[in-house]
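Biologist: I am new to reading protein models. Could you take me through this one, feature by feature?

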Amino acid sequence: MQQLSDKPGLDAMRSLSIGGAAVEGTVTTASGEVQPVKFDYYTPTLADARGATTWTDAQRAYDRLARNLADGRFVKR
């Protein structure tokens, strides 16, 4: 909120920004094996920022992680 106060040209509802998420932890497979997971995704440019909410980029990151895990790819970066 301070940034909105400091920069009157910003619009809380229409200004665009980039974001994403980083996740680190472990996944336990159906067989009981524990695998480390480290994953991050951040939208690279404003042109790639799609969506109307603040959390769209974070949701995209979690969706990508979920697809990787569903396919058995335990990402370690």
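This is a predicted model: local features need pLDDT of at least 70, side-chain atom pairs count only at pLDDT 80 or more; totals for chains, interfaces and linings use all residues.

Modeller: Residues are numbered from 1 along each chain as its sequence is written, and side-chain values use heavy atoms, leaving out hydrogens and water.

Biologist: Which pattern does the protein follow along the sequence?

Modeller: Helices (H or I, at least four residues) and strands (E, at least two) are DSSP runs, numbered from the N terminus. Here the order is α-β-β-α. That gives 2 helices and 2 strands.

Biologist: What share of the residues counts as buried?

Modeller: Buried means under 20% relative accessible area, exposed over 50%, and partly exposed in between (1.4 Å probe, protein chains only). Of the 77 residues, 19% count as buried.

Biologist: Which residues make up the largest nonpolar core?

Modeller: In soluble globular proteins, nonpolar side chains tend to be buried together. A nonpolar core is a set of buried Ala, Val, Leu, Ile, Met, Phe, Trp, Tyr and Cys residues joined through side-chain atoms within 4.5 Å. The largest one here has 7 residues: Ala21, Val37, Phe39, Tyr41, Ala58, Ala61 and Leu65. Both β2 and α2 (56-70) supply at least two residues of this core.

Biologist: What does alanine 61 touch?

Modeller: Contact means heavy atoms within 4.5 Å. Leaving aside residues up to four places away in sequence, Ala61 touches Gly20, Ala21, Phe39 and Tyr41.

Biologist: Where is leucine 16 found, and is it buried or exposed?

Modeller: Leu16 lies in the loop between α1 (2-6) and β1 (20-28). Leu16 is exposed because its relative accessible area is 55%.

Biologist: And glutamine 35: buried or exposed?

Modeller: Gln35 sits in strand β2 (residues 34-42). Its relative accessibility is 14%, so Gln35 counts as buried.

Biologist: How many salt bridges are there?

Modeller: Side chains of opposite charge can pair when their charged atoms come close. A salt bridge is a side-chain nitrogen of Lys or Arg within 4 Å of a carboxyl oxygen of Asp or Glu. By this rule there is 1 salt bridge. Arginine 73 and aspartate 71 form a salt bridge through their side chains (3.2 Å, N to O). Arg73 is partly exposed, at 42% relative accessibility. Asp71 is exposed, at 54%.
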